[in-house]
Amino acid sequence: MSHNLTPAPVRIGIVSISDRASSGVYEDKGLPALQDWLTRALKNPITFEPRLIPDEQARISETLIELVDAGCALVLTTGGTGPAKRDVTPEATLAVAHKEMPGFGEQMRQISLAFVPTAILSRQVAVIRDKSLIINLPGQPKAIAETLEGLKNADGSQKVNGIFTAVPYCIDLIEGPYLETNDEVIKAWRPKNAVRPAR
């Protein structure tokens, strides 16, 4: 069986959820942070579908459905996951879910707890809708990278796995494109029988 030389193209939705950034009070840092990290982490050609929206539950749910329907295999959100009144991203995400993936939220909080004790206040969730994986990420660009990459020891070995390690295999299981990672940023983990031969 012959393999194409280039990895499969992938469409990724990136959603920054912030009343103030979406109304222009300050510059949005979430979308550039997501785009930068994903561009470094993946070998696949990526088409980004960026959205900058306010903290409104119905609007967030509509946006997630729209991105899934547009063929995004992965949708990452940033912002709106705390305990404050306007933080409704998890509710909006759960409202469109076909399946919940609680391991992502558990692991994100474990990683963040290594940096700040207030990580337990974060309510991020991950869900599957159709053939898309939707993950809520923290609001701060630094925390986004930490959550996705995990923690490394001083010698560069992995101390705590970042959540993105498990994303490519999850997308395999929901019949999405085969994601290939740049191992120096993040190494995807798959069972041996799910790994395609290197080209």
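A disulfide here is a pair of cysteine sulfur atoms within 2.5 Å. Keep that cut-off in mind as you look over this predicted model, because the sulfur of C72 lies 15 Å from the closest cysteine sulfur, in C170, too far for a bond.

**Cysteines**

- The count of disulfides comes to zero by this rule.
- C72 counts as buried, at 1% relative accessibility.
- C170 is buried as well, and its relative accessible area is 8%.

**Nonpolar cores**

- The largest nonpolar core holds 34 residues, and those touching the most other members are L38, L74, L133, I135, L137, F164 and V167.
- Two or more residues of this core come from each of β1 (10-17), α2, β3, α5, β5 (126-129), β6, α6 and α7 (167-173).
- Helix α2 is the element that gives the most to this core, with six residues.
- Setting aside neighbours within four places in sequence, V167 is in contact with L74, F104, L133, I135 and L179.
- There is also a second, separate core of 14 residues, and its members include I60, L67, V68 and C72.

**Helix α6 and its surroundings**

- If you are tracing helix α6 (residues 141-149), its buried residues are A143, I144, E146, T147, L148 and E149.
- The packing partners of these buried residues include three strands that you can find by number: β3 (74-78), β6 (132-137) and β8 (158-161).
- Strand β7 (150-152) is another partner, and helices α2 (30-41) and α5 (102-113) also pack against the buried residues of α6.

**A closer look at E146**

- E146 has its place in helix α6.
- Is E146 buried or exposed? E146 is buried because its relative accessible area is 16%, and the cut-off for buried is under 20%.
- Once its neighbours within four places in sequence are left aside, E146 is in contact with I111 and F115.

Notes. Residues are numbered from 1 along each chain as its sequence is written. This is a predicted model: local features need pLDDT of at least 70, side-chain atom pairs count only at pLDDT 80 or more; totals for chains, interfaces and linings use all residues. Side-chain values use heavy atoms; hydrogens and water are left out. Buried means under 20% relative accessible area, exposed over 50%, partly exposed in between (1.4 Å probe, protein chains only). Helices (H or I, at least four residues) and strands (E, at least two) are DSSP runs, numbered from the N terminus. Contact means heavy atoms within 4.5 Å. A nonpolar core is a set of buried Ala, Val, Leu, Ile, Met, Phe, Trp, Tyr and Cys residues joined through side-chain atoms within 4.5 Å.
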